[in-house]
Amino acid sequence: MPEFGTFTLLLALAASVWAAVTGTLGHRSGRRDLVESAAAGLRGALVSLTVASGVLVTLFLTRDFSVRYVAEYSDRSLELSYTIAAFWAGQNGSLLFWAWVLAATSVLAVTLHRDRHRELLPVVIVVLATTLVVFTALVAFTSNPFQRLGFTPSDGAGLNAMLRNWGQLYHPPATFLGYIGFTVPFAFAIAALVTGRLDDEWIHAVRRWVLWSWVLLGLGILLGARWAYTELGWGGYWAWDPVENVSLLPWLTATAYLHTAVLQERRGKLRVWNLVLAITTFALTVFGTFLVRSGVAASVHAFAESPAGLWLLGVIVAVVLLGTGLLVWRLPELKDRSAPIGGWTRETMLVVTNAVLVLYTLAIFWGTLFPALTNAIQGRDVTVGAPFFDRVTLPVTLALLVLFGLAPVLAWRRASAAGLTRRLAVPVAVGLLAGVVAVVLDGAANPMTSVVLSLSGFALATIVLELHHGVHAHGLRHPKDHLPAFLGVFPRNPRRYGGALVHLGVVLLIVGVALDVTYRSDERHTLTVGESAEVGRYTLTFADLDTAVTATRMSLTATLELARPGGRDAGTIETERYLYANQEQPRTHVGVRSLVREDVYVILEEVDIDAQRATFSVLLHPGVLWLWLGGGLLLLGGVVAAWPYAMRRDDAGEPDDRAPVTTGEVR
Amino acid sequence: MLEVLAAFVLLVLVAWMVLQPLLGRTDRHADAEVVDAAADAEEVVDLEAMIAERRRRMAATDREVER
């Protein structure tokens, strides 16, 4: 069976090479049959890679430990869901998964765009097929998951305990889907440059691709943060780990693109910049893959160093050279001859937003790569840690909050001081009030947090007013039905109100993080069963200690009862320390009780079974619930903007300057 | 043996997929293109007829007003 798996990989490689070659010939000769054959080549690669994936899953399910990858990432005791998820647990399987999803995405893109974008399609197919050639060759020649061991062990090494978490089921696929989705905008950008069709056609074609990829990558990042929070036991959700950083980079450039693409559609502006962002976003997804697989960065996510890293570095260089070359070639046709952007207008705010996001991307990129570069050039080990990234993030956060509050009230093309003052009055008042409340409650101990909360109030007021105006305008037709009026605004203008939801989510997320980093507390308590400890405003009682031993796993579970002031029950918390028989390090399952004001986060540190005594780390995380809610709302906003509504809607790109308040839009 | 058979079937399937457009299937595609083109042309004719009809009516109205 593994040999059959290798055959399917080689067949997929042949089919994608065929697609790239016939696509190129079809583009040069203008022959439709060749282009059709190229599209069929992509479908052939998808069929082959689907079979390859099926073979790998079957090898896992049948526990064929003669295959190295199966023996390294599973064992007989592994549950069904994690046995299937072991597919993408290691480098070889994750690259096969990548190639398979890339093939599926390519086939979907070609099918969806074959009628509307016939001129661009041959080059799009060539770019997608060439990318597929690289990834399929990578799997077949450097990271073949079907390699045999040469002997058959009685059991496998098993999945790392850290990966036996719900996060392993959803975080990698969501992140990969997001990463891979950005290949399609890249392919269209290259097609626009090659064919010289530099108008808005490619921008329209990729709108939903960028949005869905942005949502999926955002979901992957958010799930990863939640996984880290509940599994790693250090009480955090973002560690500025190099691999976390590189997942953020394409997400940020895609966010920048979503803002400037509007400018191209409406004002014909930033045509070069949009192409640069589409190409850069793809290059950054490959950079992320490279960093994980090259051994360049020390990270909790990194796989062992492998030749795959060198291949991927080659892809990045090729993408940068190709993109730069084509842009230089087409530059005369891309020159902007319209009136420059300036003044207090929406256009200016979109450009400023773009600058903030791109500078932030550059800072994170530099901070992530600096240790590796220093090591390579000077041979010194340098660490760029959280303090650097936190210092960079603070001004970006402040700038974004100001932009969220300011940009939506500005109109396109023109600015009126009187109108601006009138529209800003309420948000500014709310912002000031929020600042005063923050200072009073905080006792002016954390002035920067008060500034963040004040600006959050300002931004929040603008966004809520924006939604209110939309609901009010829509509600005029349905005076009695508030909920249908509220829900009705989203399909009417998905970009505008989807964008408002995204901004609302970001503000909630910022508030959650600001409250948490300022006011979190950490205590240690050693308790015997039946004893209680005061933690902040809560009483925590160690109710029970349970031991469970099976053939493959040993665990100690502590149950704690949480009570609010006055003894009111606030639920129970379970935290576990466990060890798998085939692994060396015991691990901890964190116990978390999420309340509106804060999370009570308990880690079982040490246990004395005979004395029924245990030591707990208890962390109070204020505002963390808002972080997750904000993250969810952010993604929901993206879905609202990307959703293919069946009903009539005005998202065709016409500016609506008549609206009393307008928001920055997600395209 | 089963694996060899499966590999052969898969090879034939993929080869058939990629070669089909070059071995006659294009006729069907060309037909579809002709139909599309015909539909487009029909639309143009309709549009032209509509414009002519509209101009005729406007001229008639103008004459009526002059009278």
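Hi everyone. Let me start with a definition: two strands pair if DSSP finds at least two bridges between them. Keep that in mind for the first part, and please remember that this is a predicted model.

So, the sheet in chain A. Four strands form an open sheet, and their order is 1-9-8-7, with antiparallel pairing. Which strands stand at the edges? They are strand 1, residues 521–528, and strand 7, residues 591–594, of chain A. Each has a single partner strand, so one side of each is left without a neighbour in the sheet. On average, neighbouring strands here are turned by 20° against each other, if we ignore direction.

Let's look at one of the pairs. Strand 8 of chain A covers residues 598–608, strand 9 covers 613–622, and ten bridges join them in the antiparallel sense. If you'd like a spot to look at, find Leu604(A): Phe616(A) in strand 9 of chain A stands opposite.

Now over to chain B and its helix 1, residues 2–19.

Which residues of helix 1 of chain B are buried? Those are Ala7(B), Leu10(B), Val14(B), Met17(B) and Val18(B). What do they pack against? In chain A, they pack against helix 1, residues 2–29, and helix 2, residues 32–61.

Turn to the face pointing away from that buried side, and you'll find exposed residues: Leu2(B), Val4(B), Phe8(B), Val9(B) and Trp16(B).

Note on methods:
Residues numbered from 1 in each chain as written. Chains lettered and ligands numbered in written order. Predicted model: local features only at pLDDT ≥ 70, side-chain atom pairs only at ≥ 80, totals over all residues. Heavy atoms only, no water. Helix = DSSP H or I, 4+ residues; strand = E, 2+ residues; numbered from the N terminus. Axes fitted to C-alpha atoms, helices over the stretch in contact; angles between N-to-C directions. Buried < 20%, exposed > 50% of the residue type's maximum accessible area, 1.4 Å probe, protein only. Contact = heavy atoms within 4.5 Å.
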